[in-house]
Structure formats: C-alpha cells, structure tokens
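The report below treats the arrangement of the chains, the contact between them, and selected local features. Please read it with the sequence and the model at hand.

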Number of protein chains: 2
Amino acid sequence: MENLNNILTLDINAKTKHLKKREIIQKAGENTSLAYYVKKGLLKSYTIDEKGKEHIFMFASEGWIIADMESQEFKQPTELFIDCIEESEVIFFDRKCFMLANLTENQLRENAHLLARRIAVLQKRVIMLMSVSAQERYNMFLETHSKILNRIPQRLIASYLGVTPEALSKIRGEIAKSK
Amino acid sequence: MENLNNILTLDINAKTKHLKKREIIQKAGENTSLAYYVKKGLLKSYTIDEKGKEHIFMFASEGWIIADMESQEFKQPTELFIDCIEESEVIFFDRKCFMLANLTENQLRENAHLLARRIAVLQKRVIMLMSVSAQERYNMFLETHSKILNRIPQRLIASYLGVTPEALSKIRGEIAKSK
C-alpha cells in the first residue's frame with residue numbers, strides 16, 4: 001500500500017483530514033466521487049434500511065480505501081454512510097482524478113491488483129451471506145479481520161454478520177465452551 | 001469490451017472452447033487460475049452448501065468474464081462451480097498471464113475500469129443480501145439483468161435471490177396483481 005500512499009500524497013489533488021470519533025464523512029443520498037484512504041484510525045460504511053436498522057457494509061483500518069464504488073461507477077447518489085469508529089486521519093481524494101492521473105505502468109498494475117483483491121473479498125462476503133451459517137460467518141470474520149478485532153464493538157460485528165447482538169453473544173459462548 | 005476481446009485473441013495464451021448446455025467447466029476444490037470470457041451463451045457460477053443446496057453467485061452472458069477471484073487472489077482451491085446454462089462459446093485464459101501480459105497503458109486503464117465496475121456490482125449485491133426485502137431484491141435483479149431475463153430459468157433466479165422457487169412465484173404474482 002506504500003505505493004498508493006505515495007501517489008496520493010504527491011500526484012493528485014488530495015487532502016488529509018483529522019476526524020473525531022463518530023464524525024460522519026459521507027451521508028446516503030449525496031452525490032460524491034470522493035474516496036477515503038485511511039492513514040490512521042478505523043472507519044465503517046453502512047446503509048440504513050426503511051426500519052432504521054443499520055447494516056455494516058465494510059470496516060476500513062490503516063491502509064484501506066473506503067468509498068461508494070457503486071455510486072461512482074453508475075453515477076448515482078450514494079447509498080452508503082461513512083463514519084469514524086475511532087479518531088482518524090484520512091486522505092480525501094477524488095477517484096475520478098485518481099483514475100485519470102498520470103500513473104506509471106507499475107502504479108497502474110498495483111492499482112489493478114488492489115481492485116482484484118477487493119473483488120475477491122466481496123466474492124467471499126456474498127458467498128458468506130448466501131450460504132453459510134451464522135457461526136461459520138463469525139469464524140470467517142475472525143479470520144479476515146484478525147488484526148482489528150479488539151477495536152470493533154460487538155454490536156457492529158453483529159450488524160456486519162447480519163445477526164442480532166444476542167445471537168452473536170450466544171455464538172461466542174458456544175465457541176468458548178467448545179474450546 | 002471489444003478491447004478486451006482483442007487482447008484475449010491476440011496477446012496471451014487463450015483458447016476458445018465450444019461447450020454444451022449443462023457442461024461443467026470448473027468444480028469446487030480444484031486449483032485453477034483460469035478465467036472465462038463468454039463470447040456467446042450463458043454461464044453461471046455457484047456454491048453447493050453442506051445440505052447440497054445450490055447458491056448462485058453470478059450469471060455471465062456475452063461480454064462477461066466469470067472466474068473465482070477469491071481462489072486466485074488468495075491462492076486457495078476454488079469454492080465455485082461454473083457450468084453452462086446454454087450451449088456456449090467461451091475463451092479460457094490464465095488470469096496470471098493476463099495480469100503480466102504486455103498491455104498498453106490504455107488496456108491497463110480499460111482493465112481497471114472493468115474491475116471497478118465489478119466491485120460496484122458486488123457492493124450492490126452485498127447491500128441487497130443484507131438489507132433489502134425479497135420483493136425489492138427481485139426488482140433489483142430485473143434491473144441489473146434486463147437483457148438476459150428470458151434466458152434464465154426461474155429456479156435459478158430464486159437461488160440467486162436466496163429465496164425458494166415458491167416464494168419467487170408468490171412475489172411475481174403480487175407484482176402482476178399490482179400492475
């Protein structure tokens with residue numbers, strides 16, 4: 001990711017912002033082509049359904065980019081809220097500028113690699129949501145988020161998995177018992 | 001997509017195959033770095049869960065690439081089966097070769113654009129699976145798959161949406177009544 005960090009700080013119009021815990025940086029319904037590179041801290045993106053329930057789309061810690069790619073690619077208002085779980089330092093940049101920037105061939109390849117990796121993670125997520133039990137979903141979450149586990153509140157993990165906090169607590173209890 | 005078609009037929013080691021309806025081209029558990037570009041026909045990728053139930057991951061018609069990106073990016077055996085819904089003509093190619101091929105800057109940009117678009121579609125799918133009612137999921141499916149709707153059997157649409165064929169039939173009945 002160091003490569004990308006260099007691109008962002010040198011080549012394109014990008015701005016670093018210091019954000020407080022709980023600060024909202026993007027709301028559903030806005031038109032934006034911004035993407036957010038996390039230098040420090042932890043952010044989440046999420047939707048809110050008709051009943052007011054929050055559904056976590058993704059968590060982003062150091063080195064991750066968080067953005068609403070659907071709204072950007074299909075030129076629609078965003079569906080995702082993005083806010084800070086922790087106090088954070090984030091680079092705001094325009095994805096359109098980034099795609100048009102004067103990147104070297106190596107940077108373009110690095111970019112393609114990051115995009116491919118993101119597709120792989122999303123594929124795993126879709127399969128998980130469709131065909132896997134809540135307990136297996138939790139185990140997959142533990143694997144993919146091992147480095148930031150202690151920084152994410154349980155109720156947010158439950159929302160990411162699509163279960164109630166009570167159901168998650170039960171799953172954790174069962175895993176603890178079986179060990 | 002014409003660009004990509006040219007790359008595949010000229011620049012890298014790729015092989016066109018003619019496939020019969022129901023022919024399986026990839027099985028879960030295999031190690032493969034192949035990707036499949038659909039010249040003609042209709043393919044699907046899917047998982048089979050512990051109870052033997054099939055869950056559709058994606059449909060791919062003319063101009064689409066279908067592959068298991070997760071297995072390729074994280075070097076794991078594939079989790080996805082891929083087979084033909086219709087008689088099809090498909091280019092088999094090695095994604096590793098494609099990423100290393102001597103592509104022009106424009107081809108690299110075109111590739112990044114396709115990857116970004118795929119992320120956008122997957123984002124929509126995850127949000128749909130997490131937070132949207134079965135009826136809304138069906139409406140979203142109608143929008144995103146309008147061109148190939150009549151070619152996909154109802155039971156496969158139900159599997160893609162994560163509902164039973166009976167539930168889908170009820171939803172279609174309600175939509176017909178409300179018109």
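## Relation of the two copies

The same surface serves both copies, since 98% of the contact residues of chain B recur in chain A, where contact means heavy atoms within 4.5 Å.

This is a predicted model, in which local features need pLDDT of at least 70 and side-chain atom pairs count only at pLDDT 80 or more, while totals for chains, interfaces and linings use all residues. Residues are numbered from 1 along each chain as its sequence is written, chains are lettered from A and ligands numbered from 1 in the order in which they are written, and side-chain values use heavy atoms, with hydrogens and water left out.

## The interface

The contact takes 44 residues from chain B and 43 residues from chain A. Between the chains about 3900 Å² is buried, and carbon and sulfur atoms give 68% of that area; buried area is the accessible area (1.4 Å probe) that two parts lose on being put together, summed over both. Ile119(B), Gln123(B) and Met130(B) supply 17% of the area that chain B buries against chain A, more than any other three residues.

Eight residue pairs, both members at pLDDT 80 or more, are in polar contact between chain B and chain A; a polar contact is a pair of N or O atoms within 3.5 Å, and within protein one must be able to donate a hydrogen and the other to accept it, while residues adjacent in sequence count only if both atoms are side-chain atoms. The elements of chain B that give two or more residues to the side touching chain A are β5 (54-60), α2 (69-73), α3 (95-100), α4 (105-131) and α6 (154-161), and α4(B) gives the most, with 22 residues. Helices (H or I, at least four residues) and strands (E, at least two) are DSSP runs, numbered from the N terminus.

## Salt bridges between the chains

Four salt bridges are found across the interface of chain B and chain A, each being a side-chain nitrogen of Lys or Arg within 4 Å of a carboxyl oxygen of Asp or Glu. One of them joins Arg117(A) to Glu73(B), with the closest N and O atoms 3.9 Å apart, and this pair runs from helix α4 of chain A to helix α2 of chain B. Arg117(A) is partly exposed at 33% relative accessibility, whereas Glu73(B) is buried at 7%; buried means under 20% relative accessible area, exposed over 50%, and partly exposed in between (1.4 Å probe, protein chains only).

Glu70(B) and Lys124(A) also meet in a salt bridge (3.7 Å, N to O). Glu70(B) is buried at 2% relative accessibility, and Lys124(A) is buried at 17%. Lys124(B) and Glu70(A) likewise form a salt bridge, at 3.7 Å, N to O.

## Local features within the chains

Arg151(A) and Glu86(A) meet in a salt bridge (2.8 Å, N to O). The pair links distant parts of the chain, 65 residues apart, with Arg151(A) in the loop between α5 (134-144) and α6 (154-161), and Glu86(A) in the loop between β7 (81-84) and β8 (88-94).

Most residues other than glycine have a negative phi. Arg22(A), although not a glycine, has a positive phi of about 75 degrees; the residue lies in the loop between β1 (14-19) and β2 (24-26) of chain A and is exposed at 64% relative accessibility.
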